[in-house]
Structures are given as structure tokens and as C-alpha cells.
Amino acid sequence: FIPNWSLKFIAMALVEFDRLEVAKHCFQSDCWIIINGIVINVTPYLDFHPGGSSILLEYAGQDVSRQFR
């Protein structure tokens with residue numbers, strides 16, 4: 001069994017997104033980030049992030065590779 005959110009993540013990995021497209025996904029209801037060139041929809045994790053949703057929302061729609069070093 002693969003959870004529905006996992007299938008969406010896998011599908012996103014097969015598509016290329018430019019930064020302008022990712023920047024459109026900067027809301028609590030639709031939150032994407034870029035880490036090391038990989039676009040991740042973090043919307044399902046907002047309520048579960050150990051640091052709280054505010055840190056993810058602060059960087060929503062942006063490349064956060066530097067913050068993950």
C-alpha cells in the first residue's frame with residue numbers, strides 16, 4: 001500500500017518546474033519548496049513539521065537548499 005500523498009510526490013518528481021511556477025505555491029493550502037533542485041509539495045506536512053508550519057510558510061514557493069546545509 002502506497003499512501004496517496006506518496007504517489008503525488010512521485011508524480012511531482014517526474015515533472016520539471018521552473019522557479020516562477022514554484023513561487024505560485026506559497027499558501028497554507030498549497031505550499032511548495034525547492035531543496036537541491038527537487039520540488040516538494042510540503043502542504044501535507046504543515047501540521048506535522050517539528051518546527052511548526054510557520055517556518056515552512058515563511059519559505060513557501062522558494063529554494064531552501066541553503067537553509068538545509
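Which residues make up the largest nonpolar core? The core has 9 residues: Cys31, Ile33, Ile35, Ile40, Val42, Leu46, Leu56, Ala60 and Val64. A nonpolar core here is a set of buried Ala, Val, Leu, Ile, Met, Phe, Trp, Tyr and Cys residues joined through side-chain atoms within 4.5 Å. Strand 2 (residues 30-35) gives the most to this core, with 3 residues.

A word on the basis of this report: the model is predicted, so local features need pLDDT of at least 70 and side-chain atom pairs count only at pLDDT 80 or more, while totals for chains, interfaces and linings use all residues. Residues are numbered from 1 along each chain as its sequence is written, and side-chain values use heavy atoms, with hydrogens and water left out.

**The sheet**

Helices (H or I, at least four residues) and strands (E, at least two) are DSSP runs, numbered from the N terminus. Three strands form an open sheet in the order 1-2-3, with antiparallel pairing. Strand 1 and strand 3 (38-41) stand at the edges with a single partner strand each, so one side of each is left without a neighbour in the sheet. Two strands count as paired if DSSP finds at least two bridges between them; strand 2 and strand 3 are joined by 4 bridges.

Let us look across that pair. Tryptophan 32 stands opposite asparagine 41 in strand 3, and isoleucine 33 stands opposite isoleucine 40 in strand 3. In a regular strand the side chains alternate between the two faces of the sheet. The hairpin of strand 2 and strand 3 has 2 residues between the strands, and in it asparagine 36 takes a positive phi near 50°.

**Two buried residues and their contacts**

Buried means under 20% relative accessible area, exposed over 50%, and partly exposed in between (1.4 Å probe, protein chains only).

| Residue | Relative accessible area |
|---|---|
| Histidine 25 | 11% (buried) |
| Cysteine 31 | 0% (buried) |

Histidine 25 lies in the loop between helix 2 (19-23) and strand 1 (26-27). Contact means heavy atoms within 4.5 Å. Not counting residues up to four places away in sequence, histidine 25 touches Asp30, Cys31, Trp32, Ala60 and Gly61.

Cysteine 31 sits in strand 2. With residues up to four places away in sequence again left out, the contacts of cysteine 31 include His25, Ile40, Val42, Leu56 and Ala60. Tyrosine 45 is 14 residues from cysteine 31 in sequence and 9.5 Å from it in space, C-alpha to C-alpha.

Valine 42 touches Cys31, Trp32, Ile33 and Leu56, by the count that omits residues up to four places away in sequence.
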